[in-house]
Amino acid sequence: MFLLSTALACLLGACATNRVEENVGLRLVDLHLEGITVLETSAVFSFRIQNRLAEPLTIEGGAHKIYLNLRYIGSGVSNETMTIPRLSEGIQTVKIRLSNLGMVKRVADVITSKRATYRIESVIYAKDQGQSVHVNISRRGDLSLKGLPPPTAPHRAPLFK
């Protein structure tokens, strides 16, 4: 009897995960740089999460690995909780700290070029029918940044007078 209950619980859990996994979409829709300093810069990525379920879906956070033009940029997490209404979308914002000056230049070059190929490997943490589920998503696409102004270097005071 114990084995039957365990197998049934696993089967029901797998169905809940598959149901959500099949009905959640994720797409990178924006990025910008902020807090540009000599040693660290923040890249802010915005993801559109689509709920294709006929009922609301609660998102409890996400973890994202981001690649731009086939190069690993970094990873970021969000603990933001949001409820996406049925058949609707929401935006999750993730901040990634770039500590390498070369990495900051690569992201700035992508913004300046106004176009990038991206790949994201993400885990979205959600609540479905009272159960916590995680959805693994891997996406690749193109990002157009035509509406963004080019990044500007911050004004720095001279080191020596």
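Two strands are said to pair if DSSP finds at least two bridges between them, and helices (H or I, at least four residues) and strands (E, at least two) are DSSP runs, numbered from the N terminus. The model shown is predicted, so that local features need pLDDT of at least 70 and side-chain atom pairs count only at pLDDT 80 or more, while totals for chains, interfaces and linings use all residues. Residues are numbered from 1 along each chain as its sequence is written, and side-chain values use heavy atoms, with hydrogens and water left out.

**View 1. Pairing of strands β3 and β7.** Strand β3 covers residues 57–68, and it pairs with strand β7 (residues 115–128) over ten bridges in the antiparallel sense. Within this pairing, Lys-65 is found opposite Glu-121 of β7.

**View 2. The open sheet β1-β2-β6.** In this view three strands, in the order β1-β2-β6, form an open sheet with antiparallel pairing. Its edge strands are β1 (24–34) and β6 (88–98), each of which pairs on one side only. On average, neighbouring strands of this sheet are turned by 20° against each other, direction ignored (axes are lines fitted to C-alpha atoms, for helices over the stretch in contact, and angles run from 0 to 180 degrees between N-to-C directions). Strand β2 (residues 41–51) and β6 run antiparallel and are joined by eleven bridges, with Lys-95 of β6 as the bridge partner of Val-44.

**View 3. The whole chain.** Two helices and eight strands make up the secondary structure of the chain, and along the sequence they follow the pattern α-β-β-β-β-β-β-α-β-β. Of its 161 residues, 36% count as buried, that is, under 20% relative accessible area with a 1.4 Å probe and protein chains only. Among contacts (heavy atoms within 4.5 Å) with a separation of 6 or more, 66% are between residues 24 or more positions apart.

Note on methods. Buried means under 20% relative accessible area, exposed over 50%, partly exposed in between (1.4 Å probe, protein chains only).
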